[in-house]
Amino acid sequence: MKPIYILNGPNLNRLGKREPEIYGKATLADVEGFCREAAGDHAVEFRQTNSEAEFIGWIHEAIDEGGGIIINPAAFTFTSIAILDALKMFKGPIIELHISNIHKREPYYHHSYVSKVATAVIAGLGTHGYRVATGSMLELLK
Ligand code: CA2
């Protein structure tokens, strides 16, 4: 069984500590718990980094070892062709996830490079979106 990689980008380590009206009260550790519960027996690699290089390294790891990728690239979503290029090499399903509805927000949050290669996009369900993404990934991997 190949693990599901759940990759989180910059500043998400601060989840639950600011802007609860947008991002909710759950911490990233709580979110990891939601994902592991939703995944059941399926292996999960849950990671967060503030470094683009490390993020790309984890996508390369997922290309070699992973069954599916759930990705909240945070600000990298709107800036990183390097992350888009890495994701293009992944053969399995990719779910792009945003806690907030990025389309309701400022214009610089409206264009996602990652959406060009995502199998599906989830935005605006709050941190519950991670449960939805994990359950949906299990279906896509069947
Ligand atoms: O809604 C999302 O999940 C985002 O990917 C979060 C990113 C933002 O750049 C995207 O537009 C949407 C920003 C993450 C900010 O990190 C936080 C840290 C602490 C508390 C709340 C958010």
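Analyst: Begin with accessibility. Buried means under 20% relative accessible area, exposed means over 50%, and partly exposed lies in between. Keep in mind that this is a predicted model. Take R18: its relative accessibility is 46%, so R18 counts as partly exposed.

User: What does the side chain of R18 meet in a salt bridge?

Analyst: The general idea comes first. Side chains of opposite charge can pair when their charged atoms come close. Here, R18 pairs with E19, at 2.8 Å from N to O. E19 is partly exposed too, with a relative accessible area of 27%.

User: How many salt bridges does a search of the whole structure find?

Analyst: The search finds 5. One of them joins R36 and E32, with the closest N and O atoms 2.9 Å apart.

User: Where do R36 and E32 lie, and how many residues apart are they?

Analyst: Both belong to helix 2, residues 28-39. They are 4 residues apart, about one turn of the helix. R36 has 38% relative accessibility and is partly exposed. E32 has 25% and is partly exposed as well.

User: Which residue forms a salt bridge with K142?

Analyst: That partner is E139; the closest N and O atoms are 2.9 Å apart. K142 reaches 77% relative accessibility, so K142 counts as exposed.

User: Which residues are linked in a network of salt bridges?

Analyst: E45, R47 and E61. Look at R47, which sits in strand 2, residues 44-48.

User: Is R47 buried or exposed?

Analyst: Apply the cut-off of 20%. R47 has 17% relative accessibility, so R47 counts as buried. Now check its contacts, leaving out residues up to four places away in sequence. R47 touches Y5, I6, L7, N8, W58 and E61.

User: Now helices. Which residues of helix 4 are buried?

Analyst: Helix 4 spans residues 81-88, and I83, L84, A86 and L87 are buried there. To read such a set, ask how far it reaches around the axis. These residues cover an arc of only 165 degrees, which puts them on the same side of helix 4.

User: What covers the buried residues of helix 4?

Analyst: The cover includes helix 3 (52-65), strand 3 (68-72) and strand 4 (94-98).

User: At what angle do helix 3 and helix 4 pack?

Analyst: The angle is about 10 degrees, and the axes are 9 Å apart. Angles under 35 degrees count as roughly parallel. That makes helix 3 roughly parallel to helix 4.

User: Which residues meet between helix 3 and helix 4?

Analyst: Helix 3 brings E52, F55, I56, I59, H60 and I63. Helix 4 brings A82, I83, A86 and L87. By class, the contact has 8 nonpolar, 1 polar and 1 charged residues.

User: Strand 3 is part of that cover. What is in contact with I69, leaving aside its neighbours within four places in sequence?

Analyst: I69 lies in strand 3. At 0% relative accessibility, I69 counts as buried. Its contacts are Y5, L7, A62, L87, F90, P93, I94, I95 and M137. Sequence separation is another thing to read: I69 and G92 are 23 residues apart along the chain, while their C-alpha atoms are separated by 7.6 Å.

User: Are N11 and A74 buried or partly exposed?

Analyst: N11 is partly exposed, with a relative accessible area of 48%. A74 is buried, at 13%.

User: One more loop. Where is T127 found?

Analyst: T127 is in the loop between strand 5 (120-123) and helix 5 (128-140). T127 is buried, with a relative accessible area of 12%. Beyond its neighbours within four places in sequence, T127 is in contact with L15, Y23, A26, V31, F34 and I99.

Technical notes:
Residues are numbered from 1 along each chain as its sequence is written. This is a predicted model: local features need pLDDT of at least 70, side-chain atom pairs count only at pLDDT 80 or more; totals for chains, interfaces and linings use all residues. Side-chain values use heavy atoms; hydrogens and water are left out. Buried means under 20% relative accessible area, exposed over 50%, partly exposed in between (1.4 Å probe, protein chains only). Helices (H or I, at least four residues) and strands (E, at least two) are DSSP runs, numbered from the N terminus. The arc is that of the directions from the helix axis to the C-beta atoms. Contact means heavy atoms within 4.5 Å. A salt bridge is a side-chain nitrogen of Lys or Arg within 4 Å of a carboxyl oxygen of Asp or Glu. Axes are lines fitted to C-alpha atoms, for helices over the stretch in contact, and angles run from 0 to 180 degrees between N-to-C directions. Angles under 35 degrees count as roughly parallel, over 145 as roughly antiparallel, 65 to 115 as roughly perpendicular and the rest as oblique. Ala, Val, Leu, Ile, Met, Phe, Trp, Tyr, Cys and Pro count as nonpolar, Asp, Glu, Lys and Arg as charged, and the others, Gly among them, as polar.
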